[in-house]
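Welcome, and please open the model in your viewer. We will take it one selection at a time.

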Amino acid sequence: MLPIFWRTCARDDLAQIIRYIAHESPPAARRMKRLLEEAVLPAAEHPYLYRHSERAPGLREIVAHPNYVVLYHVMANRIEVVNVVHTRREFPGAKA
């Protein structure tokens with residue numbers, strides 16, 4: 001099982017999403033935070049479970065919610081969460 005490491009940019013993405021949702025509903029923001037963080041957990045045991053991203057080459061993507069995709073990179077010793085992206089926004093380039 002590989003440990004999961006969230007890069008600073010991914011944590012920043014998550015915080016921005018949660019702040020935005022919290023303006024309308026703090027309980028919904030808490031639920032979304034938990035959903036997005038837990039979406040990555042299966043990758044710890046099965047790093048190649050999710051498909052290669054066509055929108056962010058070099059990364060894999062988890063459709064954690066219809067509006068949000070979690071981008072990650074499989075390293076030799078860990079899973080690195082790179083970004084959390086709203087599906088209507090432009091995807092970042094690979095940062096692997």
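On this tour, buried means under 20% relative accessible area, exposed over 50%, and partly exposed in between (1.4 Å probe, protein chains only). The model is predicted, so to speak by its own rules: local features need pLDDT of at least 70, side-chain atom pairs count only at pLDDT 80 or more, and totals for chains, interfaces and linings use all residues. Residues are numbered from 1 along each chain as its sequence is written, and side-chain values use heavy atoms, leaving out hydrogens and water.

Start with the sheet: it is open, with four strands in the order β1-β4-β3-β2 and mixed pairing. Strands here are DSSP runs of E, at least two residues, and helices are runs of H or I, at least four, numbered from the N terminus; two strands pair if DSSP finds at least two bridges between them. At the edges sit β1 (4-6) and β2 (60-65), each pairing on one side only.

Now select β3, residues 68-74, which pairs with β2 in the antiparallel sense over five bridges. Look for valine 63, whose bridge partner in β3 is valine 69. A two-residue hairpin joins β2 to β3.

Which residues of β3 are buried on each side? Tyr68, Val70, Tyr72 and Val74 are buried on one face, and Val69, Leu71 and His73 on the other.

Move on to β4, which pairs with β3 in the antiparallel sense over seven bridges. Histidine 73 has glutamate 80 of β4 as its bridge partner, and a hairpin of four residues joins β3 to β4.
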